Amino acid sequence: MLKKYLINNFLSSFFILFFILFVVSSMVLLLAISNMTAVLKIDIGEFLYLYLLSLPEIIFYTLPLSFFITSAISISKLFENSELITVLALGISPKTVVKPFFSLSILVTFILLIITFFSIPTSQILYKNFFNTKKIESQFNFSASSIGQKFGEWNIFINEKK
């Protein structure tokens, strides 16, 4: 009963915090990917593909941070509401209180190991291959005009398009 209460208390805060950190990290990542469109021509499907390839890294950074902060908040709430003092006064050992958090930490560790050793290397290879392929097949989109056009670090001036 106590284990279920502790896990429910933890999960209610965890999902909210994880979602907030995930959305903020995703926005930063989407801005970084959109900066790439200044150099490479990609459509919305390829844009989403690059975002999906970057998801393992976002999860790798947000999951442990969310877990640590939520664990601290959950224990703090229990202490603040005198629930932890009551549980310990009833003779329940501190190990029993910490055991659900330890089980969840083992689960988070296992997920992070899978992400670290399988997902991130695979997604980085696919990301680099995609980027290199797009660099090779990138189309120069220049038009003849009286003013120069910027392409990366180069300024190009075209009088006539032939």
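**Exercise 1. Determine how many salt bridges the structure holds, and which residues form them.**

Solution. Step 1: apply the criterion, a side-chain nitrogen of Lys or Arg within 4 Å of a carboxyl oxygen of Asp or Glu. The model is a predicted one, in which local features need pLDDT of at least 70 and side-chain atom pairs count only at pLDDT 80 or more, while totals for chains, interfaces and linings use all residues. Residues are numbered from 1 along each chain as its sequence is written, and side-chain values use heavy atoms, with hydrogens and water left out.

Step 2: the structure holds 1 salt bridge. Glu46 pairs with Lys134, with the closest N and O atoms 3.0 Å apart.

Step 3: locate the partners. Glu46 belongs to helix H2 and Lys134 to helix H4, so the bridge ties together parts that are 88 residues apart in sequence. Helices (H or I, at least four residues) are DSSP runs, numbered from the N terminus.

**Exercise 2. Describe how H2 and H4 are arranged.**

Solution. Step 1: take the axes, which are lines fitted to C-alpha atoms over the stretch in contact, with angles from 0 to 180 degrees between N-to-C directions. The axes of H2 and H4 come within 8 Å and cross at roughly 160 degrees.

Step 2: classify the angle. H2 is therefore roughly antiparallel to H4, since angles over 145 degrees count as roughly antiparallel and those under 35 as roughly parallel.

Step 3: the crossing of H2 and H4 is left-handed, meaning that the near helix is turned anticlockwise from the far one by less than a right angle; clockwise is right-handed.

Step 4: the contact of H2 with H4 comprises 20 nonpolar, 8 polar and 3 charged residues. Here Ala, Val, Leu, Ile, Met, Phe, Trp, Tyr, Cys and Pro count as nonpolar, Asp, Glu, Lys and Arg as charged, and the others, Gly among them, as polar.

**Exercise 3. Describe how H1 packs with H4 and with H2.**

Solution. Step 1: for H1 and H4, the angle is about 20 degrees and the axes are 12 Å apart. These helices are therefore roughly parallel to each other, and H1 passes H4 in a right-handed crossing.

Step 2: for H1 and H2, the angle is about 145 degrees and the axes are 6 Å apart. This crossing is right-handed, and the contact of H1 with H2 has 23 nonpolar, 11 polar and 1 charged residues.

Definitions and conventions
Helices (H or I, at least four residues) and strands (E, at least two) are DSSP runs, numbered from the N terminus. Angles under 35 degrees count as roughly parallel, over 145 as roughly antiparallel, 65 to 115 as roughly perpendicular and the rest as oblique.
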